[in-house]
Amino acid sequence: MYKSLLLGCLTVCAAAGLAQPVLEAPTPPPNGYAGQILAADFIEPTAGSDEAQSWDFSGVNGSVFSNMGMNPASTSVFAPEYPGAEWVVSVGDQLSFLDYTELGVTVFGNANSANGVALTFEDPLVQWPLPAEFGFSHEDAFSVDQMLFDEPYSLLGNVTCTGDAWGSIVLPNGTTIGEVLRVNYSQFYVESYSGDTAQWTLDQVMYLAPDSALPVFFHEELTVTDNQGEVLLTASDVAWYDNTVLGIGEEAVLSASAWPNPVQQGAFLNLNGARTGAHIMDLGGRTVWTLSTGQGEGLKVSTEGWRSGPYLYLPFEGAHPIRIIVQ
């Protein structure tokens, strides 16, 4: 999925005269943000330490992975499902509803704007505490148990994270931030629906800056396995935000789409966003459709012979996976 070349190098050196940052709850602008997520080949993060570090990513060139938005939760059609959320963060059609509470960065649940699914956490997930400083350690659990398109759906997971490094950072666009806290974040959950089970593991090393509503740079590794441990999907990258402007609403930040969703078994599925190709697979790891060459708009795919249940639409480049439900 990530085809950009790493043209620069990562350098780490002692940073003199810096004080360890303490991060309080940020203050996003009233209208939020919109912009792009850029991604490049994975870079191994440096080891954590209690000495200041200086991270220079100015030589990293990336390509657009997805559009993003951070808008007041009240602008979303899903807002009634998440009464405690102040903000909705959009990555493609994936939405997360959150707020900065006295407990920390708190996620109330997720939704998908393409298929209309809303998953509300039974107990809100605290991703990391606030204030946050070097050396903190945190863990929390989250779960969902509900009916989804007349089938039982469950999700059970946990998050662990630590503040493992601090220092300064130079972003790929040349911006220098003199104080950042680095957080080593791991999220794992088991998802079961319509007879299929998948296990999702997301490891992120992220850099947090004072009064920044979102992390400014990520190292990311994602692995999805089935219930027997067979790998269904792996992905890794480094990622950051660019071309950020005031928020424009979640409906304007979608970069790929699939409709109708849910789709009736045997009917045609319309797809956009397969700029360099794509494939669709079920949660058992079986690929049911592949497009090896790019076609951005207007694809029609027959679901004849597909069994009912969830599928993943995976563009090779440029969009977050989209979950499709076949009825």
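**Entry 1: strand S15**

I started with S15, which is mostly covered: 8 of its 10 residues are buried. I take buried as under 20% relative accessible area, exposed as over 50%, and partly exposed as in between, with a 1.4 Å probe and protein chains only. Strands here are DSSP runs of E, at least two residues long, and helices are runs of H or I of at least four residues; both are numbered from the N terminus.

I note that this is a predicted model, in which local features need pLDDT of at least 70 and side-chain atom pairs count only at pLDDT 80 or more, while totals for chains, interfaces and linings use all residues. Residues are numbered from 1 along each chain as its sequence is written, and side-chain values use heavy atoms, with hydrogens and water left out.

Next I looked up the partner of S15. Strand S14 (residues 196–208) pairs with S15 in the antiparallel sense over 10 bridges. Pairing requires that DSSP finds at least two bridges between two strands. In this pair, aspartate 203 stands opposite glutamate 221 of S15.

**Entry 2: phenylalanine 217**

Phenylalanine 217 lies in S15, which covers residues 217–226. Is phenylalanine 217 buried or exposed? Its relative accessibility is 0%, so phenylalanine 217 counts as buried.

I then listed its contacts, meaning heavy atoms within 4.5 Å. Leaving aside neighbours within four places in sequence, phenylalanine 217 touches Phe57, Ile169, Leu171, Pro172, Val205, Met206, Tyr207, Val238, Ala239 and Trp240. I checked proline 172 by distance: phenylalanine 217 and proline 172 are 45 residues apart in sequence and 9.3 Å apart in space, C-alpha to C-alpha.

**Entry 3: the chain as a whole**

I counted secondary structure and got 0 helices and 23 strands. Of the 327 residues of the chain, 51% count as buried. Among contacts between residues at least 6 apart in sequence, 62% join residues at least 24 apart.

Strand S3 (residues 33–40) is joined to S5 by 7 bridges, and the two run antiparallel. Isoleucine 37 stands opposite serine 66 in S5. Of the 10 residues of S5, 7 are buried, so S5 is largely enclosed by the rest of the structure.

S5 (residues 63–72) also runs antiparallel to S6, with 5 bridges joining them. I found asparagine 71 bridged to valine 88 in S6, and methionine 68 opposite valine 91 in S6. How many residues of S6 are buried? In S6 (residues 87–91) 4 of the 5 are buried, so this strand too is largely enclosed by the rest of the structure.

S6 pairs in turn with strand S7 (residues 94–100), in the antiparallel sense and over 5 bridges. Tryptophan 87 stands opposite leucine 98 in S7. The hairpin of S6 and S7 has 2 residues between the strands, and glycine 92 takes a positive phi near 60° there.

**Entry 4: pocket and cavities**

I used a 1 Å grid over the protein atoms alone: a cavity is a set of points where a 1.4 Å probe fits but cannot get out, a pocket is an open set with protein on both sides within 12 Å along at least five of seven lines, and lining residues have an atom within 4 Å of a point.

The second largest pocket holds about 260 Å³ of space. It has 15 lining residues, and Leu171, Ser212, Val216, Tyr241 and Thr244 are the closest to its centre. Strand S16 (residues 231–246) gives the most to this lining, with 4 residues.

I counted 2 cavities of 30 Å³ or more. The largest cavity has about 120 Å³ of space. Its lining has 16 residues, of which Leu23, Pro26, Trp128, Leu208 and Ser212 lie nearest the centre.

**Entry 5: confidence**

I left pLDDT, the predictor's confidence in each residue from 0 to 100, for last. The chain has a mean pLDDT of 84, and 86% of its residues reach 70 or more.

Where pLDDT is low, the predicted coordinates should not be read in detail.

Methods:
Points joined across faces, edges and corners; volume = space filled by probe spheres on them.
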